[in-house]
Structures are given as structure tokens and as C-alpha cells.
Amino acid sequence: MTAPVSLRIALQIALVALAAYLAGYAFTSLFHGASASIGALWAAISGIVVLQATQRDTWSSAGLRVLGTFIGATISAVYLSLLPFSPIGMAATVFATVLLCHAARIPDHARLASITVVVIMAVASLSPTLNPLQNAGLRFIESCIGTAIAVLAILVWPEPKSTPKP
């Protein structure tokens with residue numbers, strides 16, 4: 001990889017992280033200021049994870065991210081609506097999430113769905129009075145914010161066309 005390509009990729013990732021962090025913080029602050037920093041972090045992580053070197057790979061990664069996050073957020077919301085956070089409960093929810101992804105024949109979504117469960121559960125442990133549906137909804141939207149920023153970045157600043165070798 002040449003220096004200009006490395007520089008372009010590094011700058012693109014840094015800008016996506018910055019934009020997603022700021023957008024995630026601003027959005028979450030509107031609804032739950034206590035978890036705004038976590039929301040900003042989650043949006044930035046989502047943007048970095050989704051951003052790939054090509055448009056095709058970014059779109060594919062975006063689809064995995066959104067569906068995986070939706071599954072993890074939904075299962076977490078159900079669990080936290082019935083029971084309070086506990087490390088054992090978190091592990092059981094991750095277990096159920098992975099099984100659900102495999103049963104639905106989308107095993108590639110299991111890791112992202114599980115990461116979402118862990119983030120939502122961590123926020124629940126830090127903010128036990130936060131409504132579980134609001135917690136899960138905010139984490140899902142923050143992930144979508146980061147995902148959208150990564151997709152936008154690859155659309156407005158696509159990979160350079162490769163030049164044929166003589």
C-alpha cells in the first residue's frame with residue numbers, strides 16, 4: 001500500500017470517527033444526557049467498523065451492522081424489560097442472541113448482535129433507571145448514525161480507480 005493510499009484511508013477513518021462521535025453525542029444528548037458519551041463512542045465504533053476500502057464492502061458491512069444491531073438491541077430490550085442487569089444475564093442474552101442468529105441462518109450477524117447486547121447491558125448497569133426500550137433504541141440509532149456516516153463517506157470520497165499496469 002502506497003503512502004498516499006494509506007494517508008487517504010487514515011484520514012477517511014479519522015473523519016468518520018469524528019463525525020460519528022459528534023453526531024452520536026448530539027443525538028443522544030437530546031434524550032439521555034447521562035449516556036451521551038457512550039452513544040458517541042458507539043456511533044464512532046459503528047462508523048469505523050462499517051467503513052471499508054470499497055463501496056461494495058462498505059454497503060455489505062452496513063447491512064450486517066444494522067441487522068446485527070437490531071437483533072441485539074431487541075433481545076436486550078426484552079431481557080431488561082423483564083430482569084435487571086447482571087453479568088450472568090448479559091452472558092445468557094449473548095447466548096440467546098447467537099442462537100437466534102444461527103437459527104435465522106444469519107450467523108455472520110451474531111458477533112455484531114452480541115457486541116450490541118454487551119453495550120446495552122453495560123449502559124443498563126451504569127444507568128439502571130434508564131428505560132430498557134429507550135436504552136436499546138438509542139444504541140440502535142447511534143449505530144445507524146455511525147453506519148450512515150461511513151456509507152456517506154465512501155460515497156463522497158470513494159476509493160481511487162486503479163490504473164492498469166503497463
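I took angles under 35 degrees as roughly parallel, over 145 as roughly antiparallel, 65 to 115 as roughly perpendicular and the rest as oblique. The model is predicted: local features need pLDDT of at least 70, side-chain atom pairs count only at pLDDT 80 or more, and totals for chains, interfaces and linings use all residues. Residues are numbered from 1 along each chain as its sequence is written, and side-chain values use heavy atoms, with hydrogens and water left out.

Entry: the helix pair. I looked up α2 (residues 36–50) and α6 (residues 132–156), whose axes come within 7 Å and cross at roughly 40°. The axes are lines fitted to C-alpha atoms over the stretch in contact, with angles from 0 to 180 degrees between N-to-C directions. The two helices are therefore oblique to each other. I noted the crossing of α2 and α6 as right-handed.

Entry: the contact. With contact taken as heavy atoms within 4.5 Å, I found G39, W42, A43, S46, G47 and V50 of α2 meeting R139, E142, S143, I145, G146, T147 and A150 of α6. These residues divide into five nonpolar, six polar and two charged, Gly being counted as polar.

Entry: the chain. I recorded six helices and zero strands, helices being DSSP runs of H or I of at least four residues and strands runs of E of at least two. The C-alpha atoms fill a box of roughly 65 × 35 × 20 Å along the principal axes. Of the 166 residues, 40% count as buried, meaning under 20% relative accessible area with a 1.4 Å probe.

Key: Left-handed = near helix turned anticlockwise from the far one by under 90°. Buried < 20%, exposed > 50% of the residue type's maximum accessible area, 1.4 Å probe, protein only.
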